[in-house]
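Open the model in your viewer and keep the selection tool at hand. This tour moves from stop to stop, saying what to select and what is there.

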Amino acid sequence: MSHYLPFIISSLIGLLSLNLILKKETGVSFLLKLFLGAGLGFALCANIVFLSLMAFHRFNKPFVITTNLLLLLILTAINLRTLRIKLSFEKKHLIDTGMILTIGLLLIPVWQQAGYYIYGGWDAWSVWNLKAKFIFLGGHSWERIFSPLLWRSSPHYPLLLPLMNVWGWAFLKEASFLGPLLNSFIFTFLLSGLFFFGLKDLTKSNLGIIPLSFMLTLHIFQASAYSQYCDLFMAYYLVAAYFTILSAKKRNSAQFALLSGIMLGILSFTKNEGLIAAIFLLALAMPFLRTNGKKLLEQSLIKSLFYGAAIGFTPTIIFSFIYAPKNITFINGLFSLTNPVSLTRIQNLVSLYSIEFFSPVVSLFRSLPSAAGNLIPGKWSLFWVVIIVVTLFGWKRLFRKDNLLYPSFLLLYGIFVTFYYFINTYFEIGWWVSVTLYRIIFSILPVFIFWFFYSLWKED
(Lines give C-alpha, C1' and ligand atoms only; values in the text may rest on other atoms or scores of the structure.)
Protein backbone atom coordinates (compact mmCIF):
# COMPACT_ATOMS: atom_id res chain seq x y z
CA MET A 1 0.00 0.00 0.00
CA SER A 2 2.90 2.36 0.72
CA HIS A 3 3.81 2.26 -2.96
CA TYR A 4 0.39 3.54 -3.98
CA LEU A 5 -0.27 6.21 -1.32
CA PRO A 6 1.68 8.96 -3.17
CA PHE A 7 -0.30 8.33 -6.34
CA ILE A 8 -3.63 8.42 -4.51
CA ILE A 9 -2.73 11.61 -2.64
CA SER A 10 -1.41 13.30 -5.80
CA SER A 11 -4.54 12.46 -7.77
CA LEU A 12 -6.84 13.77 -5.04
CA ILE A 13 -4.83 16.98 -4.60
CA GLY A 14 -4.84 17.56 -8.35
CA LEU A 15 -8.53 16.81 -8.79
CA LEU A 16 -9.54 19.10 -5.92
CA SER A 17 -7.20 21.86 -7.15
CA LEU A 18 -8.58 21.60 -10.67
CA ASN A 19 -12.12 21.68 -9.36
CA LEU A 20 -11.36 25.02 -7.68
CA ILE A 21 -9.73 26.47 -10.79
CA LEU A 22 -12.61 25.39 -13.05
CA LYS A 23 -15.42 25.92 -10.54
CA LYS A 24 -17.16 28.41 -12.86
CA GLU A 25 -16.91 26.08 -15.84
CA THR A 26 -19.81 23.80 -16.71
CA GLY A 27 -19.89 20.81 -18.98
CA VAL A 28 -16.43 19.52 -18.04
CA SER A 29 -16.78 15.82 -17.34
CA PHE A 30 -15.53 14.28 -14.10
CA LEU A 31 -13.28 11.85 -15.99
CA LEU A 32 -11.65 14.68 -17.94
CA LYS A 33 -11.04 16.52 -14.67
CA LEU A 34 -9.58 13.34 -13.19
CA PHE A 35 -7.09 12.70 -16.00
CA LEU A 36 -6.14 16.38 -16.22
CA GLY A 37 -6.12 16.95 -12.48
CA ALA A 38 -3.98 13.94 -11.67
CA GLY A 39 -1.15 15.35 -13.77
CA LEU A 40 -1.52 18.68 -12.01
CA GLY A 41 -1.45 16.92 -8.64
CA PHE A 42 1.72 14.95 -9.41
CA ALA A 43 3.48 18.19 -10.36
CA LEU A 44 2.28 19.96 -7.19
CA CYS A 45 3.56 17.13 -4.98
CA ALA A 46 6.88 17.06 -6.83
CA ASN A 47 7.30 20.80 -6.29
CA ILE A 48 6.69 20.35 -2.56
CA VAL A 49 9.71 18.01 -2.62
CA PHE A 50 11.58 20.80 -4.44
CA LEU A 51 10.46 23.24 -1.73
CA SER A 52 11.93 20.85 0.84
CA LEU A 53 15.28 20.93 -0.97
CA MET A 54 15.29 24.72 -1.00
CA ALA A 55 14.15 25.16 2.62
CA PHE A 56 16.17 22.41 4.31
CA HIS A 57 18.90 21.79 1.70
CA ARG A 58 17.89 18.13 1.70
CA PHE A 59 14.87 15.90 1.25
CA ASN A 60 12.89 16.30 4.47
CA LYS A 61 10.44 13.40 4.45
CA PRO A 62 8.28 14.53 7.43
CA PHE A 63 7.92 18.01 5.94
CA VAL A 64 6.97 16.68 2.50
CA ILE A 65 4.40 14.17 3.79
CA THR A 66 2.89 16.60 6.31
CA THR A 67 2.65 19.42 3.76
CA ASN A 68 0.95 17.21 1.21
CA LEU A 69 -1.54 15.81 3.71
CA LEU A 70 -2.26 19.30 5.04
CA LEU A 71 -2.80 20.57 1.50
CA LEU A 72 -5.16 17.68 0.84
CA LEU A 73 -7.17 18.48 3.98
CA ILE A 74 -7.40 22.19 3.12
CA LEU A 75 -8.49 21.50 -0.46
CA THR A 76 -11.04 18.96 0.75
CA ALA A 77 -12.51 21.45 3.23
CA ILE A 78 -12.74 24.20 0.60
CA ASN A 79 -14.29 21.89 -1.98
CA LEU A 80 -16.87 20.49 0.44
CA ARG A 81 -18.38 23.95 0.80
CA THR A 82 -19.26 24.11 -2.88
CA LEU A 83 -19.24 20.48 -3.97
CA ARG A 84 -22.42 19.25 -5.57
CA ILE A 85 -22.60 15.52 -6.20
CA LYS A 86 -25.26 14.29 -8.59
CA LEU A 87 -25.73 10.55 -8.44
CA SER A 88 -27.08 9.33 -11.76
CA PHE A 89 -26.16 6.85 -14.41
CA GLU A 90 -26.71 7.59 -18.06
CA LYS A 91 -25.83 5.89 -21.31
CA LYS A 92 -22.81 8.17 -21.79
CA HIS A 93 -21.40 6.96 -18.47
CA LEU A 94 -21.61 3.38 -19.68
CA ILE A 95 -19.74 4.35 -22.85
CA ASP A 96 -17.07 6.19 -20.87
CA THR A 97 -16.64 3.20 -18.58
CA GLY A 98 -16.20 0.99 -21.63
CA MET A 99 -13.58 3.34 -23.04
CA ILE A 100 -11.58 3.30 -19.80
CA LEU A 101 -11.70 -0.49 -19.77
CA THR A 102 -10.53 -0.49 -23.40
CA ILE A 103 -7.60 1.75 -22.52
CA GLY A 104 -6.78 -0.56 -19.62
CA LEU A 105 -6.77 -3.58 -21.92
CA LEU A 106 -4.56 -1.79 -24.43
CA LEU A 107 -2.05 -1.04 -21.68
CA ILE A 108 -1.71 -4.65 -20.51
CA PRO A 109 1.18 -5.33 -22.94
CA VAL A 110 2.94 -2.18 -21.66
CA TRP A 111 2.71 -3.40 -18.06
CA GLN A 112 3.82 -6.91 -19.00
CA GLN A 113 6.85 -5.64 -20.89
CA ALA A 114 7.69 -3.20 -18.11
CA GLY A 115 7.93 -6.19 -15.76
CA TYR A 116 10.89 -7.43 -17.80
CA TYR A 117 12.44 -3.97 -17.85
CA ILE A 118 12.05 -2.89 -14.22
CA TYR A 119 15.01 -0.50 -14.13
CA GLY A 120 14.11 1.18 -17.41
CA GLY A 121 16.42 2.17 -20.21
CA TRP A 122 19.88 3.73 -20.15
CA ASP A 123 18.74 7.26 -19.35
CA ALA A 124 16.34 5.98 -16.70
CA TRP A 125 19.00 4.59 -14.39
CA SER A 126 21.83 6.88 -15.48
CA VAL A 127 19.91 10.18 -15.45
CA TRP A 128 16.41 10.39 -14.00
CA ASN A 129 16.43 7.58 -11.43
CA LEU A 130 20.02 8.31 -10.45
CA LYS A 131 19.14 11.92 -9.63
CA ALA A 132 16.11 10.76 -7.67
CA LYS A 133 18.30 8.45 -5.55
CA PHE A 134 20.76 11.26 -4.88
CA ILE A 135 17.88 13.43 -3.62
CA PHE A 136 16.20 10.64 -1.64
CA LEU A 137 19.32 9.13 -0.05
CA GLY A 138 21.94 11.87 -0.27
CA GLY A 139 20.86 14.14 2.57
CA HIS A 140 22.70 17.47 2.38
CA SER A 141 24.93 16.05 -0.38
CA TRP A 142 22.06 15.84 -2.89
CA GLU A 143 23.53 18.76 -4.90
CA ARG A 144 26.30 16.48 -6.08
CA ILE A 145 23.97 15.63 -8.96
CA PHE A 146 25.23 18.90 -10.47
CA SER A 147 28.87 17.75 -10.44
CA PRO A 148 30.68 17.93 -13.81
CA LEU A 149 31.88 14.37 -13.09
CA LEU A 150 28.28 13.24 -13.73
CA TRP A 151 28.11 14.90 -17.15
CA ARG A 152 26.54 11.75 -18.61
CA SER A 153 23.58 12.37 -16.30
CA SER A 154 22.90 15.80 -17.85
CA PRO A 155 23.26 17.83 -14.61
CA HIS A 156 21.69 20.88 -16.32
CA TYR A 157 18.34 19.15 -16.93
CA PRO A 158 15.31 20.21 -14.83
CA LEU A 159 14.21 17.96 -11.99
CA LEU A 160 10.47 17.32 -12.32
CA LEU A 161 10.73 13.58 -12.99
CA PRO A 162 13.35 12.88 -10.28
CA LEU A 163 11.20 14.85 -7.81
CA MET A 164 8.16 12.78 -8.80
CA ASN A 165 10.14 9.60 -8.24
CA VAL A 166 11.25 10.83 -4.81
CA TRP A 167 7.63 11.57 -3.91
CA GLY A 168 6.81 8.03 -5.04
CA TRP A 169 9.25 6.77 -2.37
CA ALA A 170 8.07 9.15 0.38
CA PHE A 171 6.29 6.46 2.39
CA LEU A 172 9.11 3.93 1.93
CA LYS A 173 12.44 3.40 3.65
CA GLU A 174 14.27 2.61 0.45
CA ALA A 175 14.40 3.74 -3.16
CA SER A 176 12.35 0.89 -4.64
CA PHE A 177 12.47 0.22 -8.38
CA LEU A 178 8.67 0.03 -8.26
CA GLY A 179 8.34 3.80 -7.78
CA PRO A 180 9.67 4.97 -11.17
CA LEU A 181 8.07 1.97 -12.86
CA LEU A 182 4.64 2.85 -11.45
CA ASN A 183 5.20 6.50 -12.32
CA SER A 184 5.78 5.65 -15.96
CA PHE A 185 2.84 3.27 -16.21
CA ILE A 186 0.43 5.63 -14.46
CA PHE A 187 1.45 8.53 -16.70
CA THR A 188 0.95 6.34 -19.76
CA PHE A 189 -2.58 5.72 -18.46
CA LEU A 190 -3.10 9.42 -17.68
CA LEU A 191 -1.83 10.41 -21.11
CA SER A 192 -4.20 7.93 -22.76
CA GLY A 193 -7.17 9.10 -20.71
CA LEU A 194 -6.42 12.78 -21.27
CA PHE A 195 -6.01 12.14 -25.00
CA PHE A 196 -9.37 10.39 -25.32
CA PHE A 197 -11.51 12.51 -23.01
CA GLY A 198 -9.85 15.74 -24.12
CA LEU A 199 -10.53 14.92 -27.75
CA LYS A 200 -14.08 13.91 -26.85
CA ASP A 201 -14.64 17.18 -25.00
CA LEU A 202 -13.58 19.23 -28.01
CA THR A 203 -15.18 17.15 -30.79
CA LYS A 204 -18.10 15.42 -28.99
CA SER A 205 -16.95 12.16 -30.57
CA ASN A 206 -15.96 8.80 -29.12
CA LEU A 207 -13.91 7.99 -32.21
CA GLY A 208 -10.76 9.16 -30.46
CA ILE A 209 -10.36 5.60 -29.22
CA ILE A 210 -9.33 4.62 -32.78
CA PRO A 211 -6.17 6.77 -33.13
CA LEU A 212 -5.43 6.15 -29.45
CA SER A 213 -5.54 2.39 -30.01
CA PHE A 214 -3.27 2.77 -33.02
CA MET A 215 -0.79 4.79 -30.96
CA LEU A 216 -0.82 2.49 -27.91
CA THR A 217 -0.17 -0.61 -30.01
CA LEU A 218 2.90 0.86 -31.71
CA HIS A 219 5.93 -1.05 -30.45
CA ILE A 220 8.06 2.10 -30.48
CA PHE A 221 5.44 3.85 -28.31
CA GLN A 222 5.22 0.98 -25.84
CA ALA A 223 9.01 0.71 -25.53
CA SER A 224 9.33 4.46 -24.91
CA ALA A 225 6.48 4.37 -22.38
CA TYR A 226 8.02 1.73 -20.13
CA SER A 227 11.59 3.00 -20.49
CA GLN A 228 11.00 5.41 -17.55
CA TYR A 229 12.31 8.35 -19.56
CA CYS A 230 11.12 11.93 -19.14
CA ASP A 231 9.86 12.03 -22.75
CA LEU A 232 6.63 10.37 -21.59
CA PHE A 233 6.00 13.10 -18.99
CA MET A 234 6.82 15.81 -21.51
CA ALA A 235 4.29 14.21 -23.87
CA TYR A 236 1.57 14.33 -21.20
CA TYR A 237 2.09 17.99 -20.31
CA LEU A 238 2.30 18.94 -24.00
CA VAL A 239 -1.15 17.44 -24.56
CA ALA A 240 -2.42 19.06 -21.36
CA ALA A 241 -1.10 22.50 -22.36
CA TYR A 242 -2.43 22.26 -25.92
CA PHE A 243 -5.84 21.01 -24.79
CA THR A 244 -6.25 23.76 -22.18
CA ILE A 245 -5.28 26.47 -24.68
CA LEU A 246 -7.86 25.15 -27.14
CA SER A 247 -10.45 24.97 -24.37
CA ALA A 248 -9.71 28.53 -23.26
CA LYS A 249 -10.42 29.76 -26.76
CA LYS A 250 -13.43 27.54 -27.44
CA ARG A 251 -15.11 28.33 -24.11
CA ASN A 252 -13.83 31.92 -23.86
CA SER A 253 -12.64 30.76 -20.45
CA ALA A 254 -10.21 32.70 -18.28
CA GLN A 255 -10.10 29.67 -15.98
CA PHE A 256 -8.81 27.40 -18.74
CA ALA A 257 -6.37 30.14 -19.82
CA LEU A 258 -5.03 30.22 -16.25
CA LEU A 259 -4.73 26.42 -16.27
CA SER A 260 -2.93 26.45 -19.63
CA GLY A 261 -0.30 28.82 -18.24
CA ILE A 262 0.23 26.50 -15.27
CA MET A 263 0.53 23.46 -17.54
CA LEU A 264 3.05 25.27 -19.75
CA GLY A 265 5.09 26.04 -16.65
CA ILE A 266 5.02 22.40 -15.56
CA LEU A 267 6.05 21.39 -19.08
CA SER A 268 9.06 23.69 -18.84
CA PHE A 269 10.29 21.80 -15.74
CA THR A 270 10.36 18.39 -17.45
CA LYS A 271 13.52 18.78 -19.53
CA ASN A 272 15.24 21.39 -21.70
CA GLU A 273 13.23 20.37 -24.74
CA GLY A 274 10.09 20.86 -22.66
CA LEU A 275 11.25 24.37 -21.72
CA ILE A 276 11.70 25.30 -25.37
CA ALA A 277 8.32 23.79 -26.26
CA ALA A 278 6.65 25.72 -23.41
CA ILE A 279 8.18 29.02 -24.50
CA PHE A 280 7.07 28.51 -28.11
CA LEU A 281 3.53 27.52 -27.13
CA LEU A 282 3.24 30.43 -24.70
CA ALA A 283 4.35 32.88 -27.39
CA LEU A 284 1.96 31.39 -29.96
CA ALA A 285 -0.96 31.20 -27.52
CA MET A 286 -1.11 34.99 -27.25
CA PRO A 287 -2.11 35.73 -30.86
CA PHE A 288 -4.21 32.56 -30.89
CA LEU A 289 -6.30 33.75 -27.93
CA ARG A 290 -6.53 37.27 -29.34
CA THR A 291 -8.63 36.20 -32.30
CA ASN A 292 -11.93 36.13 -30.40
CA GLY A 293 -12.84 39.63 -31.57
CA LYS A 294 -13.79 41.01 -28.14
CA LYS A 295 -11.09 43.21 -26.67
CA LEU A 296 -12.07 42.86 -23.00
CA LEU A 297 -12.40 39.10 -23.37
CA GLU A 298 -9.03 38.85 -25.09
CA GLN A 299 -7.36 40.87 -22.34
CA SER A 300 -8.91 38.60 -19.71
CA LEU A 301 -7.66 35.46 -21.45
CA ILE A 302 -4.14 36.84 -21.96
CA LYS A 303 -3.90 38.06 -18.36
CA SER A 304 -5.06 34.71 -17.03
CA LEU A 305 -2.59 32.91 -19.28
CA PHE A 306 0.27 34.97 -17.87
CA TYR A 307 -0.92 34.62 -14.28
CA GLY A 308 -0.88 30.85 -14.77
CA ALA A 309 2.53 30.99 -16.44
CA ALA A 310 3.90 33.09 -13.56
CA ILE A 311 2.85 30.32 -11.19
CA GLY A 312 3.84 27.39 -13.38
CA PHE A 313 7.25 28.67 -14.50
CA THR A 314 8.43 29.58 -10.98
CA PRO A 315 10.18 26.22 -10.23
CA THR A 316 11.93 26.33 -13.60
CA ILE A 317 13.12 29.89 -13.05
CA ILE A 318 14.40 29.07 -9.55
CA PHE A 319 16.17 25.95 -10.81
CA SER A 320 17.69 27.72 -13.81
CA PHE A 321 19.12 30.66 -11.86
CA ILE A 322 20.08 28.98 -8.57
CA TYR A 323 20.85 25.32 -9.21
CA ALA A 324 21.37 24.50 -12.89
CA PRO A 325 25.04 24.22 -13.93
CA LYS A 326 26.36 25.08 -17.35
CA ASN A 327 25.68 22.54 -20.07
CA ILE A 328 29.10 20.96 -20.50
CA THR A 329 27.92 18.73 -23.36
CA PHE A 330 27.57 21.73 -25.68
CA ILE A 331 30.10 23.07 -28.15
CA ASN A 332 29.01 25.89 -30.43
CA GLY A 333 30.31 24.63 -33.75
CA LEU A 334 29.73 28.02 -35.37
CA PHE A 335 32.61 29.49 -33.36
CA SER A 336 34.67 26.46 -32.28
CA LEU A 337 38.07 25.99 -33.91
CA THR A 338 38.45 22.38 -32.71
CA ASN A 339 34.89 21.17 -33.43
CA PRO A 340 33.50 23.36 -36.21
CA VAL A 341 30.31 22.69 -38.12
CA SER A 342 30.85 21.25 -41.58
CA LEU A 343 29.09 20.39 -44.80
CA THR A 344 29.45 16.72 -43.89
CA ARG A 345 27.47 17.29 -40.70
CA ILE A 346 24.64 18.84 -42.70
CA GLN A 347 24.69 15.97 -45.19
CA ASN A 348 24.61 13.39 -42.41
CA LEU A 349 21.77 15.22 -40.68
CA VAL A 350 19.71 15.29 -43.89
CA SER A 351 20.37 11.58 -44.44
CA LEU A 352 19.37 10.66 -40.89
CA TYR A 353 16.21 12.76 -41.11
CA SER A 354 15.35 11.10 -44.39
CA ILE A 355 15.66 7.66 -42.88
CA GLU A 356 13.44 8.61 -39.93
CA PHE A 357 10.81 10.72 -41.67
CA PHE A 358 10.58 8.89 -44.97
CA SER A 359 10.38 5.55 -43.23
CA PRO A 360 6.65 5.27 -44.07
CA VAL A 361 7.62 3.80 -47.43
CA VAL A 362 10.13 1.48 -45.79
CA SER A 363 7.59 0.59 -43.11
CA LEU A 364 4.99 -0.19 -45.73
CA PHE A 365 7.18 -2.79 -47.36
CA ARG A 366 8.48 -4.16 -44.08
CA SER A 367 4.93 -4.59 -42.83
CA LEU A 368 4.00 -6.76 -45.80
CA PRO A 369 4.27 -10.52 -45.33
CA SER A 370 7.71 -11.74 -46.21
CA ALA A 371 8.43 -14.72 -48.42
CA ALA A 372 8.52 -16.90 -45.32
CA GLY A 373 5.07 -15.69 -44.32
CA ASN A 374 6.28 -13.74 -41.29
CA LEU A 375 5.06 -10.26 -40.55
CA ILE A 376 8.04 -7.97 -40.05
CA PRO A 377 6.88 -4.65 -38.53
CA GLY A 378 8.78 -1.46 -39.29
CA LYS A 379 9.91 0.99 -36.64
CA TRP A 380 6.70 3.02 -36.82
CA SER A 381 4.64 0.26 -38.45
CA LEU A 382 2.10 1.82 -40.87
CA PHE A 383 1.41 4.84 -38.70
CA TRP A 384 3.01 7.51 -40.87
CA VAL A 385 1.56 5.93 -44.00
CA VAL A 386 -1.95 6.37 -42.60
CA ILE A 387 -1.20 9.95 -41.52
CA ILE A 388 0.13 10.90 -44.96
CA VAL A 389 -2.85 9.38 -46.77
CA VAL A 390 -5.37 11.13 -44.51
CA THR A 391 -3.48 14.41 -44.83
CA LEU A 392 -3.83 14.30 -48.61
CA PHE A 393 -7.61 14.25 -48.24
CA GLY A 394 -8.00 16.53 -45.23
CA TRP A 395 -5.27 19.16 -45.59
CA LYS A 396 -7.76 22.03 -45.92
CA ARG A 397 -9.15 21.33 -42.44
CA LEU A 398 -5.73 20.65 -40.96
CA PHE A 399 -4.25 23.98 -42.00
CA ARG A 400 -7.17 26.36 -41.70
CA LYS A 401 -6.32 29.86 -40.53
CA ASP A 402 -8.00 29.33 -37.14
CA ASN A 403 -6.16 26.04 -36.62
CA LEU A 404 -2.53 27.03 -37.06
CA LEU A 405 -1.48 27.00 -33.40
CA TYR A 406 0.00 23.50 -33.51
CA PRO A 407 1.46 23.59 -37.06
CA SER A 408 3.21 26.85 -36.13
CA PHE A 409 4.54 25.27 -32.95
CA LEU A 410 5.70 22.17 -34.81
CA LEU A 411 7.53 24.30 -37.38
CA LEU A 412 9.31 26.38 -34.74
CA TYR A 413 10.14 23.37 -32.61
CA GLY A 414 11.43 21.40 -35.60
CA ILE A 415 13.63 24.30 -36.68
CA PHE A 416 15.04 24.64 -33.18
CA VAL A 417 15.80 20.91 -32.81
CA THR A 418 17.45 20.78 -36.22
CA PHE A 419 19.51 23.90 -35.56
CA TYR A 420 20.64 22.50 -32.19
CA TYR A 421 21.66 19.22 -33.81
CA PHE A 422 23.63 21.25 -36.32
CA ILE A 423 25.51 23.69 -34.09
CA ASN A 424 26.21 21.43 -31.09
CA THR A 425 29.26 19.56 -32.30
CA TYR A 426 30.06 17.96 -28.93
CA PHE A 427 28.52 14.69 -30.13
CA GLU A 428 29.10 12.74 -33.31
CA ILE A 429 25.96 13.47 -35.32
CA GLY A 430 25.23 9.92 -36.50
CA TRP A 431 25.22 8.40 -33.01
CA TRP A 432 23.46 11.39 -31.44
CA VAL A 433 20.53 11.51 -33.85
CA SER A 434 20.13 7.73 -33.89
CA VAL A 435 19.64 7.57 -30.10
CA THR A 436 17.62 10.77 -29.56
CA LEU A 437 15.50 11.63 -32.61
CA TYR A 438 12.94 8.87 -32.09
CA ARG A 439 12.52 10.04 -28.48
CA ILE A 440 11.90 13.61 -29.62
CA ILE A 441 9.28 12.30 -32.03
CA PHE A 442 7.74 10.20 -29.25
CA SER A 443 7.41 13.22 -26.95
CA ILE A 444 5.45 15.22 -29.54
CA LEU A 445 3.62 12.26 -31.11
CA PRO A 446 0.52 12.27 -28.84
CA VAL A 447 -0.07 16.01 -29.23
CA PHE A 448 0.50 15.67 -32.99
CA ILE A 449 -2.17 12.97 -33.24
CA PHE A 450 -4.44 15.00 -30.95
CA TRP A 451 -4.14 18.07 -33.23
CA PHE A 452 -4.54 15.93 -36.33
CA PHE A 453 -7.84 14.34 -35.39
CA TYR A 454 -9.16 17.38 -33.55
CA SER A 455 -8.69 19.34 -36.78
CA LEU A 456 -10.54 16.72 -38.82
CA TRP A 457 -13.43 16.21 -36.41
CA LYS A 458 -14.02 19.56 -34.70
CA GLU A 459 -17.34 21.28 -35.24
CA ASP A 460 -17.27 24.35 -37.49
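**Stop one: helix α11**

Select residues 231–251, helix α11; its 21 residues should span 30 Å at 1.5 Å a residue, and its end C-alpha atoms are 30 Å apart, which agrees. The expected span of a helix is 1.5 Å times one less than its number of residues. Helices here are DSSP runs (H or I, at least four residues), numbered from the N terminus.

This is a predicted model: local features need pLDDT of at least 70, side-chain atom pairs count only at pLDDT 80 or more, and totals for chains, interfaces and linings use all residues. Residues are numbered from 1 along each chain as its sequence is written, and side-chain values use heavy atoms, with hydrogens and water left out.

Now colour α11 by burial. Buried means under 20% relative accessible area, exposed over 50%, and partly exposed in between (1.4 Å probe, protein chains only). In α11, 19 of the 21 residues are buried, so the helix is largely enclosed by the rest of the structure. Step past its end to N252, which follows α11 and has a positive phi, near 55°.

Go back to the loop between α10 (219–225) and α11, and select Q228. Q228 is not a glycine, yet its phi is positive, about 65°. Most residues other than glycine have a negative phi. Is Q228 buried or exposed? Q228 counts as buried, at 2% relative accessibility.

Next comes Y229, in the loop between α10 and α11. Y229 is buried too, with a relative accessible area of 9%. Show its contacts, where contact means heavy atoms within 4.5 Å. Leaving aside neighbours within four places in sequence, Y229 is in contact with G121, W122, D123, A124, W128, L161 and R439. Pick out W122: it is 107 residues from Y229 in sequence, but the two C-alpha atoms are 8.9 Å apart.

Select D201 in helix α8 (residues 178–203). D201 counts as buried, at 8% relative accessibility. Which residues does D201 touch, not counting those up to four places away in sequence? They are G27, L32, F243, S247, K250 and R251.

Move on to K204, in the loop between α8 and α9 (209–216). At 54% relative accessibility, K204 counts as exposed. K204 is another residue to check for backbone angle: its phi is positive, about 60°, although it is not a glycine.

Find L31 in helix α2 (residues 30–56). L31 counts as buried, at 18% relative accessibility. Its contacts, leaving aside neighbours within four places in sequence, are D96, I100 and F197. Draw a distance from L31 to T97: they are 66 residues apart in sequence and 9.6 Å apart in space, C-alpha to C-alpha.

Then select N68 in helix α3 (residues 61–82). N68 has 0% relative accessibility and counts as buried. Not counting residues up to four places away in sequence, N68 touches I9, I13, C45, I48 and W167.

Select residues 272–289, helix α13. Its 18 residues should span 26 Å at 1.5 Å a residue, and the end C-alpha atoms are 26 Å apart, which agrees. The buried residues of α13 include A277, L281, L284 and F288.

Now take α16, residues 343–357. This helix has 15 residues and reaches 21 Å from first C-alpha to last, close to the 21 Å expected. Which residues are buried in α16? They are R345, L349, Y353 and E356. Look down the axis of α16: the buried residues fall within an arc of 70° (taken from the directions from the helix axis to the C-beta atoms), so they line one face of the helix. An α-helix has 3.6 residues a turn, so residues three or four places apart point the same way. Turn to the face away from the buried side of α16 for the exposed residues L343 and I355.

**Last stop: the α19 and α20 pair**

Select α19 (residues 405–423) with α20 (residues 429–457); their axes come within 12 Å and cross at roughly 170°. Axes are lines fitted to C-alpha atoms, for helices over the stretch in contact, and angles run from 0 to 180 degrees between N-to-C directions. That makes α19 roughly antiparallel to α20, a term for angles over 145 degrees.

Show the side chains where they meet. From α19 come residues including Y406, L410, Y413 and V417, and from α20 residues including W432, V433, L437 and F448.

How values were computed: Helices (H or I, at least four residues) and strands (E, at least two) are DSSP runs, numbered from the N terminus. Angles under 35 degrees count as roughly parallel, over 145 as roughly antiparallel, 65 to 115 as roughly perpendicular and the rest as oblique.
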